[in-house]
Amino acid sequence: MENIITVKNLKTYFYANNRCNKALNGVSMEIKRGKTLCIVGESGCGKSVTASSIMQLLPKFSRIEEGEIIYHSEDGKDIEIHKLEKNSKEMRRLRGKDIAMIFQDPMTALNPVYTIGWQIVEMIRSHENISKKEAKERALKLLKDMGIPLAEKRIDQYPHEFSGGMRQRAMIAMAMSCNPKVLIADEPTTALDVTIQAQIFELMEKLKREYNTAIMLITHDMGVVCELADDVAVMYMGNIIESGSAKEVLENPSHPYTKALLKSIPVLGKGADQDINPIKGATPDPFDRPPGCQFAPRCDYYSKECDEKMPEEEFVNGSTHMVRCIKCKEVALNV
Ligand SMILES: Nc1ncnc2c1ncn2[C@@H]1O[C@H](COP(=O)(O)OP(=O)(O)OP(=O)(O)O)[C@@H](O)[C@H]1O
């Protein structure tokens with residue numbers, strides 16, 4: 001399967017008060033054309049920093065120290081995103097036109113003082129040389145495609161006149177307005193109720209099917225991963241500790257952390273007395289990390305060797321299923 005984005009050994013660090021937080025400590029991953037890669041992990045593991053590194057939208061006091069982010073464009077060129085300046089012409093062209101992003105809070109992307117239609121038209125016209133009339137027609141079609149009722153009227157309304165779910169759809173319409181090849185969705189439904197959440201995910205599936213958009217979906221919800229992922233990358237403290245196709249990872253989890261995440265999902269219909277096992281302990285202080293495997297202090301399979309170094313990548317049965325755990329064979333066998 002052809003990759004559209006390849007990330008290799010990415011190290012992104014934050015600096016504060018003479019201390020360094022290695023937020024991404026050697027992340028490697030691949031986003032495939034027309035597929036959904038779900039990035040999953042607890043709060044603070046580096047999911048959003050991965051997305052902002054790819055978009056070159058890192059906050060102040062942080063930078064990419066090492067590694068590569070390559071965008072494989074349709075015309076066969078490899079663009080080295082990690083070398084581009086945040087505000088360079090090429091990066092601004094890539095952002096929105098080739099790679100678009102949607103956020104948990106749609107107001108991060110929508111401006112409260114302009115109508116929804118105006119914002120989508122501006123987005124289209126900043127990347128394409130077309131008339132206002134044509135851009136408005138496209139914006140209207142997008143709003144309709146995103147399932148916004150009375151789109152002809154809604155297009156001239158302001159974000160505050162939309163409900164939360166509708167705002168999310170408008171943001172997706174804006175993100176899709178230039179037909180990007182990759183859509184990065186950072187917890188896009190966390191603030192929405194489950195019915196709207198299901199509709200938004202259905203919409204994303206439709207985009208994937210109809211426009212062959214690759215999706216990088218960031219979530220902390222293993223249930224969402226089980227539903228939507230073609231591929232999965234499980235993150236913990238700035239590293240990917242397990243990755244592969246959804247089938248490989250979900251049917252044969254081989255890292256204790258992935259196993260623990262899967263055990264913590266409640267099953268619908270099993271009732272309140274079902275056995276849900278929250279993961280014990282908490283993630284370590286990023287400024288005071290354990291010496292070897294970062295999950296060691298919370299792991300049921302812990303032994304002294306786990307403190308020696310961060311485990312190397314191992315591939316389960318020579319496949320694409322990667323895991324970083326010296327006990328992975330034992331973990332995989334243990335149901
Ligand atoms: N603006 C920032 N300033 C300082 N440190 C930051 C900033 N943003 C993220 N970090 C640090 O980078 C690390 C990774 O954070 P990140 O936001 O990527 O986590 P996450 O997995 O997306 O979590 P969440 O699910 O809560 O959004 C954390 O240690 C976090 O404290």
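Good morning. In this predicted model, helix α6 passes helix α7 in a right-handed crossing, a term used when the near helix is turned clockwise from the far one by less than a right angle, with left-handed for anticlockwise. Helices here are DSSP runs of H or I with at least four residues, strands are runs of E with at least two, and both are numbered from the N terminus.

Two notes on the source. Residues are numbered from 1 along each chain as its sequence is written. Because this is a predicted model, local features need pLDDT of at least 70 and side-chain atom pairs count only at pLDDT 80 or more, whereas totals for chains, interfaces and linings use all residues.

I return to the helix pair. The axes of α6, residues 164–176, and α7, residues 194–211, come within 10 Å and cross at roughly 15°. The two helices are therefore roughly parallel, the term for angles under 35 degrees. Gly-165, Gln-168, Ile-172 and Met-176 of α6 meet Ile-196, Gln-199, Ile-200, Leu-203 and Leu-207 of α7; contact requires C-beta atoms, placed from the backbone, to lie within 7 Å. By class, this contact has six nonpolar, three polar and no charged residues.

Asn-212 sits in the loop between α7 and β8 (214–219). Its phi is positive, near 55°, although the residue is not glycine.

Phe-61 is found in the loop between α1 (47–55) and β4 (62–72). With 10 other C-beta atoms within 10 Å, Phe-61 is exposed.

Next, strand β1, residues 3–16, which holds Asn-9. Asn-9 counts as exposed, with 12 C-beta neighbours inside 10 Å. Which residues does Asn-9 contact, leaving aside neighbours within four places in sequence? They are Gly-26, Ser-28, Glu-66 and Gly-67. The C-alpha atoms of Asn-9 and Asn-25 are separated by 7.6 Å, with the two residues 16 places apart along the chain.

Finally, helix α10, residues 256–263, has buried residues Pro-256, Tyr-257, Thr-258, Lys-259 and Leu-261. What covers them includes β3 (36–40), α8 (222–228), β9 (231–236), β10 (239–245), α9 (246–251) and α11 (328–333). Thank you.

Definitions and conventions
A residue is buried if 20 or more other C-beta atoms lie within 10 Å of its own, exposed if 12 or fewer, and partly exposed in between; C-beta atoms are placed from the backbone. Two residues are in contact if their C-beta atoms, placed from the backbone, lie within 7 Å. Axes are lines fitted to C-alpha atoms, for helices over the stretch in contact, and angles run from 0 to 180 degrees between N-to-C directions. Angles under 35 degrees count as roughly parallel, over 145 as roughly antiparallel, 65 to 115 as roughly perpendicular and the rest as oblique. Ala, Val, Leu, Ile, Met, Phe, Trp, Tyr, Cys and Pro count as nonpolar, Asp, Glu, Lys and Arg as charged, and the others, Gly among them, as polar.
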